[in-house]
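Trainee: Hi! Could you walk me through this structure?
Mentor: Happy to, let's look at it together.
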Amino acid sequence: MAEDQQKGMIQVYTGDGKGKTTAALGLAFRAVGHGHKVVMIQFMKGPEQTGELVAAEKLAPLLMIKPMGRSGFIEKDRPDPEDRALALKALDYAKEIMLDHPIDILILDEINVAVSFGLLPVEAVLELINLKPDSMELVLTGRYADPMVLEKADLVTEMKNQKHYFAQGVPDRVGIER
Ligand code: ATP
Ligand code: MG
């Protein structure tokens, strides 16, 4: 942490409503304003040019976003070995950051979905959480967060879907969803 050694918390953004990834990005934006260093590792997301990836380049080196999945559909409970390998690689990278390059905030975007789809064993995520340096803030996003992860968290927010234009057939919009 910058000037004051604050204790880092574990935050989870889960649920079926919109706003989990954008909440984490909002947090990152605020922290960068204080000169804090933030890394977002994106599980199950490919390198396509989202607004956050392009914007992060403008905030480098304080903000780094690293998509570590690949484009395409992943079938729940029947994961392709390639997707599993990529998720494990992303988890190893998170571990490396925790042990060798401690930063202020580490965001593991969609990691809850990776666990729920069977790409990562929940035990591996719990082990990673145990490695968190005291001063680092750790944020885990994605639907279907495992109860054991919620148990470890200091803050859990469930985004609840009450209404979403997706149900009316409105597709992903540039600058809003991607
Ligand atoms: P945001 O990234 O806008 O904060 P989120 O992180 O809460 O949203 P996720 O559950 O991670 O949302 O969904 C990721 C993306 O999956 C959405 O931005 C959208 O592109 C797509 N998606 C989610 N639900 C639907 C749906 N019902 N129909 C179509 N696409 C969907
Ligand atoms: Mg998301």
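Predicted model: local features only at pLDDT ≥ 70, side-chain atom pairs only at ≥ 80, totals over all residues.
Trainee: Which side chains have an N or O atom 2.9 Å from an oxygen atom of the ligand?
Mentor: T21 has a side-chain N or O atom 2.9 Å from an oxygen atom of ligand 1. T22 also has a side-chain N or O atom at 2.9 Å from a ligand oxygen.
Trainee: What about G17, how far is its polar backbone atom from a ligand oxygen?
Mentor: For G17, a polar backbone atom is 3.4 Å from an oxygen atom of ligand 1.
Trainee: And how much of ligand 1 does the protein bury?
Mentor: Taken alone, ligand 1 exposes 600 Å², and the protein buries 66% of that.
Trainee: Where does ligand 1 sit, then?
Mentor: You'll find ligand 1 in the largest pocket.
Trainee: Let me go back to E110. Where in the chain is that one?
Mentor: E110 is in the loop that links β4 (105-109) to α4 (111-116). Have a look at its backbone too: phi of E110 is near 65°, a positive value in a residue other than glycine.
Trainee: Nice. Changing topic: which residues does a cis peptide bond join?
Mentor: That bond joins A60 and P61, with omega at about 5°. P61 is placed in the loop between α2 (51-58) and β3 (63-67).
Trainee: Now the whole chain. How many helices and strands does it have?
Mentor: The protein chain has six helices and six strands. Starting at the N terminus, their order is β-α-β-α-β-α-β-α-α-β-α-β.
Trainee: And what does the C-alpha trace span along its principal axes?
Mentor: About 50 × 35 × 30 Å.
Trainee: Why would you say the radius of gyration agrees with a compact globule?
Mentor: Because a compact globule with 178 residues would have a radius of gyration near 16 Å, and the protein chain has 16 Å.
Trainee: Thanks, that helps a lot!

How values were computed
Residues numbered from 1 in each chain as written. Chains lettered and ligands numbered in written order. Heavy atoms only, no water. Polar contact = N/O pair within 3.5 Å; in protein donor to acceptor, adjacent residues only side chain to side chain. Areas by Shrake-Rupley, 256 points an atom, 1.4 Å probe, with all protein chains shown as cover. 1 Å grid on protein atoms, 1.4 Å probe; cavity = no way out; pocket = protein on both sides within 12 Å on 5 of 7 lines; lining within 4 Å. Sits in = over half its atoms within 2 Å of the grid points. Helix = DSSP H or I, 4+ residues; strand = E, 2+ residues; numbered from the N terminus. Rg over C-alpha atoms; globule rule 2.2 N^0.38 Å.
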